[in-house]
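This report is written for someone meeting the structure for the first time.

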Amino acid sequence: MTDQNGAVSVEQIVEKVWLSIAERRLRPGVQLKEEQMAAIFNVSRARIRQALATLQRDGLVMIIPNRGAFVSKPSVEEARDVFFVRRTVERCVVERLCKGISKADTKRLREHVAKERIANADDITTDIIKLSGGFHLLLAETTGSDFLFATMRDLIARSSLITAVYRNTNRFNCGPDEHAEIVEAIVTNDVDKATRLMAHHLEHVESELDLTEIRDLSHDLRAALA
C-alpha cells in the first residue's frame, strides 16, 4: 500500500525486495545501496532504512556497520544445518500437538492450508514460500511453548531465504497436500503417523533444493527490482 501522499510504502519496498530474492532476480551478497534504492522507489533514504531494518529482522538482509546492507548469503553448510535442526524441533512440535489439540486450533490450521491451496493455484511465488513457512510456525505457536515458537521463528526465517536462494525453479512446489495430511494425523492423535509424515515432508522440501552452489543471479539492483 502507498502512504497518504501516494508514495511507495515500507511494506511495498520490503515485498519487492523479497519478491526479487524469491524469484531469483536478486543475488545473495549484492549490496542494497540506500541512495540507489531511494531513486528506484522515489522515496526518502529514511524510508529505505526502515525497509532494510525490516528485512534484517526477517533474516533476508545483513547490515554491516560502515559498509551498508547486503542480501544475506546462507552457505550450503548453513542450509544443511538448518534442516538438520528443523527435523529435531519439528518432531518435538508434532509430538506435543498429538497429545491434544483444540477445535479452534484445528480450524486455524485447516484454514491456513486452504490459503496455501489458493496461493499454489494462483502460482504466487512469495505467498507460496511465506505460507509454507507460516504453516510450520503456526504449528509451533499452537503448542503454547514460547521457546519452541521463538526457535521455529528463527529457523523459518532462515529456511525461507535458503528456499529462495537454492530452490530448483523447475521442480519446487512443496504443496499444501503434505501439510493437510500432517494436520489430520495430529487431529487424530496419531503420533507415529504425524512424525513420520513430518520427517518425509522435510526430506521432500530439502530434496527440492539444489545445495551445490549459489547461482550467479543478477548484480543489477535496478533490473532486479524493476
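## Overall make-up

What percentage of the residues in the protein is buried? Of the 226 residues, 47% are buried. The model is a predicted one. Its accessible surface comes to about 11600 Å², and carbon and sulfur atoms account for 49% of that area.

The protein has 10 helices and three strands. Along the sequence these elements follow the order α-β-α-α-β-β-α-α-α-α-α-α-α. Counting contacts between residues at least 6 apart in sequence, 76% join residues at least 24 apart.

## Helices α4 and α7

Two packed helices are described by the angle between their axes and the distance between the axes. For α4 (residues 76-97) and α7, the angle is about 140° and the axes are 10 Å apart. An angle over 145 degrees would count as roughly antiparallel, so α4 and α7 are classed as oblique to each other. The crossing of α4 past α7 is left-handed.

Residues from both helices make up this contact. On the α4 side they include Val76, Ala79, Val82, Phe83, Val89, Cys92 and Arg96. On the α7 side they include Leu148, Met152, Leu155, Ile156, Ser159, Ile162 and Tyr166.

Ser145 sits in the loop between α6 (125-142) and α7 (146-166). Is Ser145 buried or exposed? Ser145 counts as buried because its relative accessibility is 14%, and the limit for buried is under 20%.

The side chain of Ser145 reaches the backbone nitrogen of Leu148 at 3.1 Å. Leaving aside residues up to four places away in sequence, Ser145 touches Arg96 and Ala140.

## Helices α5 and α6

How are α5 and α6 placed relative to each other? Their axes come within 9 Å and cross at roughly 170°, and α5 and α6 are therefore roughly antiparallel. Residues of α5 in this contact include Asp105, Arg108, Leu109, His112, Val113 and Ala119. They meet residues of α6, among them Ile128, Leu131, Phe135, Leu138 and Leu139.

Thr106 is found in α5 (residues 103-122). With a relative accessible area of 7%, Thr106 is buried. Thr106 touches Ile101 and Val187, not counting residues up to four places away in sequence. Val187 lies within the range of α8, residues 177-187.

## Helix α8 and its cover

In α8, the buried residues are Glu178, His179, Ala180, Ile182, Val183, Ala185 and Ile186. What covers the buried residues of α8? The cover includes α4, α5, α6 and α9 (191-207). Just after α8, Asn189 takes a positive phi of about 60°.

Glu178 has a relative accessible area of 15% and is therefore buried. The side chains of Glu178 and His201 are joined by a polar contact of 2.5 Å. Between Glu178 and His200 there are 22 residues of sequence separation, and the C-alpha atoms are 9.0 Å apart in space.

## Positive phi in two loops

Asn42 is in the loop between α2 (34-41) and α3 (45-57). Asn42 is not a glycine, yet its phi is positive, about 55°. At 66% relative accessibility, Asn42 counts as exposed.

Which loop holds Asp123? Asp123 is in the loop between α5 and α6, the two helices that are roughly antiparallel. Asp123 also has a positive phi of about 55° although it is not a glycine. With a relative accessibility of 58%, Asp123 counts as exposed.

Conventions. Residues are numbered from 1 along each chain as its sequence is written. This is a predicted model: local features need pLDDT of at least 70, side-chain atom pairs count only at pLDDT 80 or more; totals for chains, interfaces and linings use all residues. Side-chain values use heavy atoms; hydrogens and water are left out. Helices (H or I, at least four residues) and strands (E, at least two) are DSSP runs, numbered from the N terminus. Buried means under 20% relative accessible area, exposed over 50%, partly exposed in between (1.4 Å probe, protein chains only). A polar contact is a pair of N or O atoms within 3.5 Å; within protein, one must be able to donate a hydrogen and the other to accept it, and residues adjacent in sequence count only if both atoms are side-chain atoms. Contact means heavy atoms within 4.5 Å. Accessible areas come from the Shrake-Rupley method with a 1.4 Å probe; for residues, only the protein chains shown count as cover. Axes are lines fitted to C-alpha atoms, for helices over the stretch in contact, and angles run from 0 to 180 degrees between N-to-C directions. Angles under 35 degrees count as roughly parallel, over 145 as roughly antiparallel, 65 to 115 as roughly perpendicular and the rest as oblique. A crossing is left-handed if the near helix is turned anticlockwise from the far one by less than a right angle, and right-handed if clockwise.
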